[in-house]
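Subject: Structure handover

Hello,

Please look through it first; my notes on it follow.

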Amino acid sequence: MAEAIHYGFMQRALLAGLIIGAVCAVVGVYVVLRGMSFIGAGIAHASFGGVAIGFVLGVNPMVTAVLFCLLVAWGIGAVARRGEVREDTAIGVFFAATMALGILVIGLTRGYQVDLYAYLFGSILAVSPADLWMSVALGVVVLATVGVLFKELLSITFDPEMAEVTGLPAGRLHYVLLALIALTVVLSMKVVGIVLVSALIVTPAAAAYQLTEDFRKMMALSVAAGLFATVGGLLLSYWLNTGSGATIVLLTTAVFLVALALSPRRRRRRSGTPDAG
Amino acid sequence: MNEAQPTVDLRDVTVEFRYHTALEDISLHVHPGELLAVVGPNGAGKTTLLKVLLGTIRPTRGTVRVFGREPWRLGEQRRRIGYVPQRTTGISNFPVRVRDVVMMGRYGRIGVGRRPSPEDHEAAQRAMDRVGIAHLREEPIPRLSGGQRQRTFLARALASDPELLLLDEPTTGVDILASETFYELLDRLRSNGITILVVSHDIGVVAAHADSVACINQRLTLHGRPEEVKSGAVLACMYGPHATFLDHGPVPHMVVGEHVHLRPDEKDGDG
């Protein structure tokens, strides 16, 4: 344990892990309750296109990924809002298209395949000091936004139509939520990987949902599960010499299964007692 | 009462969507302090009508006035409208407490990025007292019965101190006793001066509490006092194949199609 901490790469990975665990867990609460899991996966895969463009242009891929993900997230939102294409259809189209764009662009430029593997599946070694700062900055932006717009995001998640009727700018708030998902994906991708990041957004919140009927408690439990999974997963990945993304995601899945087994919601449903009061 | 400006005033309102017409030439008005029941079969355009009044759907033709203004231009005045939407399934499992949901009714008034003030907490508490759910304030939504949940949503609508209440099928899936309690609650709110428009497909209960009944099946087929609106005519509007030949004014006699099956409790509309 102690020796792991002495390596610079491990310190950076753990610090990044703390931010990733907290941010994914917080944003995940909205994603789970609003039924946006598929959007999360779609945006995550879209980041591959952004990373590829970064490689080609010789810019830090996280920067291009931020811009690209925001564009795709808002694009999905805009197309779905017009109502002519269903949201899941829009995601299905963008999902594949952006992935394909990434593969095409990478194919045009040789020699980066090894780095690319880290982006796809996450790597404990991949977090450079610049990446860490970028993750900190994005994490602060996401958490501060949630802090300021706490009641607004709760309202559009609970009942978007009512949010609009009570006078909140529900449409714009939905775009804010999409942007938060995009930023969360990008700040997590170095450690967790593009392919696995949506699981880290959804699973801690899904575990917390099983354990409480209070929104704030759900967020706190989700953060606890997220931090446990990222920090625990990174340490396990170091000791077992396994991929960091996969280890983190499997650990959070284990947490979810335990929560499911302990769930008062599930027990109540099983025993058939309808409701108190 | 009738000399005053109507709270809700629709004239020849038509709403066309891409593939169908939801409402056609609807004219109706609700005066201050009145309870209007809008009945009609599923898909008759009742919810569309409410959305027109809320300003979220604009009519293709015709004029709409709520408090004398076009609903989408109400701006700040929108708070004068309280809305209880049709029950949606996802919400019943949402991990949030009654007091949080009621407070949501004031979010627009509080303003983006701000926290509720003591005054907001008082208003939310008042709304809970009014509908008799103060003892449930800490209760999570998933633990409520159907009737309690509807009263919570009514309290949310009341939290912004509205002058007009719009309710969309408020008692669907709620048992008869809870439904009766709910309408008694509406009676009380109306006698406190709140104007109410309630949409329902349950003619029996609604007619017993309404000042007037409008029957909509894409077009407005009936609009009158509950006792004028005899069950046969309402049923024709609800289920009849040629409902459009009915019109405003005296209720024409009409034979109800044989595919209509009445439950005993629905036979008398005027209680």
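A salt bridge here is a side-chain nitrogen of Lys or Arg within 4 Å of a carboxyl oxygen of Asp or Glu. Between chain B and chain A the count is 5 salt bridges. One of them joins the side chains of B:Asp100 and A:Arg216, with N to O at 3.5 Å.

Some conventions before the rest. This is a predicted model, in which local features need pLDDT of at least 70 and side-chain atom pairs count only at pLDDT 80 or more, while totals for chains, interfaces and linings use all residues. Residues are numbered from 1 along each chain as its sequence is written, chains are lettered from A and ligands numbered from 1 in the order in which they are written, and side-chain values use heavy atoms, with hydrogens and water left out.

Confidence

The model scores ipTM 0.85 and pTM 0.85. Chain A has an average pLDDT (the predictor's confidence in each residue, from 0 to 100) of 88, and 92% of its residues score at least 70. In chain A, residues 272-277 have a pLDDT below 50, and this stretch has 9 contacts (heavy atoms within 4.5 Å) in the model beyond near neighbours in sequence. For chain B the mean pLDDT is 81, with 80% of the residues at 70 or more. Residues 241-271 of chain B are below 50, and this stretch has 38 contacts beyond near neighbours in sequence. Where pLDDT is low, the predicted coordinates should not be read in detail.

The interface

B:Phe94, B:Pro95 and B:Tyr107 supply 23% of the area that chain B buries against chain A, more than any other three residues.

There are also 14 residue pairs in polar contact between the chains, both residues at pLDDT 80 or more. A polar contact is a pair of N or O atoms within 3.5 Å; within protein, one must be able to donate a hydrogen and the other to accept it, and residues adjacent in sequence count only if both atoms are side-chain atoms. Helices are DSSP runs (H or I, at least four residues), numbered from the N terminus.

A:Thr157 is in helix H8 (residues 150-158) of chain A. With a relative accessible area of 4%, A:Thr157 is buried, meaning under 20% (1.4 Å probe, protein chains only). Its side chain reaches the backbone oxygen of A:Leu153 at 2.5 Å. Beyond four places in sequence, A:Thr157 touches A:Tyr30, A:Leu33, A:Arg34 and B:Phe94.

Helix H12 (residues 215-240) of chain A holds A:Ala225 and A:Thr230. A:Ala225 is buried at 10% relative accessibility, and A:Thr230 is buried at 1%. Leaving aside neighbours within four places in sequence, A:Ala225 is in contact with A:Pro204 and A:Val255. The contacts of A:Thr230, counted beyond four places in sequence, include A:Gly17, A:Leu200 and A:Ile248.

Regards

Definitions and conventions:
Buried area = accessible area lost by both parts, 1.4 Å probe. Helix = DSSP H or I, 4+ residues; strand = E, 2+ residues; numbered from the N terminus. Buried < 20%, exposed > 50% of the residue type's maximum accessible area, 1.4 Å probe, protein only.
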